[in-house]
Each structure stands twice: as structure tokens, then as C-alpha cells.
Amino acid sequence: ISGESTLALSSGVHFMLSPELMVNLCRARMLSPSGRCKTFDIAADGYGRGEGVGVVAMKTVSAALADKDHIHAVLKASAINQDGRTSGLTAPNGPSQQTVVKSALKSAGLGPTDIGYIETHGTATPLGDPIEVTALGRVFSPGRHDSRPLILGAVKTNVGHLESASGMAGLIKLALVLQNAKIPPNVHYTTCNPKIKLERAKASIPTEVLPWPAGYKTRAGGVSSFG
């Protein structure tokens, strides 16, 4: 935006090249014995690790149009904050999550009901998942009609938790969702974790491919990612 560069490349990379972290995660009981992320499901028992690389090229809209680039999505805003005091790594701070989402919405000039889809952090932990959905619900449910719930996706159910590349995986998935106007289902999801109150959050979890819901002025979504 400031004109310091005409093209920026942003990437996320994660490879498992040594066993030490895997051993520590196992000792902390953060990993699912099945190796799969069953995000939001009653059977969620930790996450499965994954490897991956993702890269996106970013330009201002005016530069991309002038160069006749294919624009996959427009990044309206981003926000970052610190989680604050918690009882541990697996217990995120819900109010801090609300704060960072509200900051992103304000910077983007969008309201909560303008957003139709959130690509969640969704690590498939029995504690973290309910905290995230509750936080999202408190931001996005006010003024939202029951017939148009906020749809929650989790690419980790497809590729595992890419850790340092997980945010990039979520961003790429969101861009594809917006471009194709189709929302893929969350795999490994059959029965919602009873601690997750979807009706109260005015949210839903897709179990089949869905078209982008009608009634929105434009397709707009967000990525929730915690490092």
C-alpha cells in the first residue's frame, strides 16, 4: 500500500526433520492417536501433524489489474495480537481471539454479518475448539439471521496441522473458496462436540460441498490462525 514494493511473496513452510518436537508433543498428549484432525467432532482427541509449503504473490489491486494478473482474492485487512494469560498452550484465550477478529473487521471496513465463511484454526482439541467457536460466535452472531449461519471450515481435517505453514494453508483454502463460490466439507466430522454451541454461535459446519450462501452483497471470509 505504501508503494515500497510492487510484488511481495508470502510463504509458510513446515517439514518434520527431527524427532524431538514429535516426542515432546506426544508427552504433552497434544497429538491424536489416529493421526487425524477431527475438528469440532465429539471424537476430537488432538491433532495430526502434516508437512507442506504454501506461497502467495501479493500486489495492490491497481497493480494487479494493470498487469492483467489473475486475481484469486483480495486481502482487505489483517490483524495480530498476543494471546494473553492462559492456563497453558492448549487453552487459548477467547477474549483475545475476539479482539483480534474485531480489529481485522474494523480495518477491512466490514461488519460481522458481511462475513459468510471462516477458515478456522480448528486444531481438533476438545478444549481449544469450543473456545474458538465461542469467540467467533460472540463476534459474528449479533444481527445475524438464523437462516444464514456463519460457516466454519478447517483445512486441517484434510492435510493435518501444518504448524508453521498452517495459516498459509488456511489462506490458500479461503482464496479458493471465494474464487469458486463453493465450500468443501470438513472430513472426520460426524457428531458435534457437545461443548460447542453452534446454535448459540449462529454457526454451522459443512458435511458436504455447499454453494456460497445467498444473500450477501459480496463474497467475504476470514482466516483464524493462532501461532
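User: How many cavities of 30 Å³ or more does the structure hold, and what makes a space a cavity?

Analyst: This is a predicted model, in which local features need pLDDT of at least 70 and side-chain atom pairs count only at pLDDT 80 or more, while totals for chains, interfaces and linings use all residues. Residues are numbered from 1 along each chain as its sequence is written, and side-chain values use heavy atoms, with hydrogens and water left out. The structure holds 1 cavity of 30 Å³ or more; a cavity is a set of points on a 1 Å grid over the protein atoms alone where a 1.4 Å probe fits but cannot get out. About 50 Å³ lies in the largest cavity, a volume being the space filled by probe spheres set on the points, which are joined across faces, edges and corners.

User: How do you know which residues line the largest cavity?

Analyst: Lining residues have an atom within 4 Å of a point, and among them are Glu119, His121, Lys156 and Ser166. The largest share, 3 residues, comes from helix H6 (residues 166-180), where a helix is a DSSP run of H or I with at least four residues, numbered from the N terminus.

User: Why is H3 called oblique to H4?

Analyst: Helix H3 (residues 94-108) and helix H4 (residues 128-140) pack at about 40 degrees, with their axes 9 Å apart. Angles under 35 degrees count as roughly parallel, over 145 as roughly antiparallel and 65 to 115 as roughly perpendicular, the rest being oblique, so H3 is oblique to H4. The contact (heavy atoms within 4.5 Å) includes Val101 and Leu105 of H3 and Ile131 and Leu136 of H4.

Note on methods:
On a 1 Å grid over the protein atoms alone, a cavity is a set of points where a 1.4 Å probe fits but cannot get out, and a pocket is an open set with protein on both sides within 12 Å along at least five of seven lines; lining residues have an atom within 4 Å of a point. Helices (H or I, at least four residues) and strands (E, at least two) are DSSP runs, numbered from the N terminus. Axes are lines fitted to C-alpha atoms, for helices over the stretch in contact, and angles run from 0 to 180 degrees between N-to-C directions.
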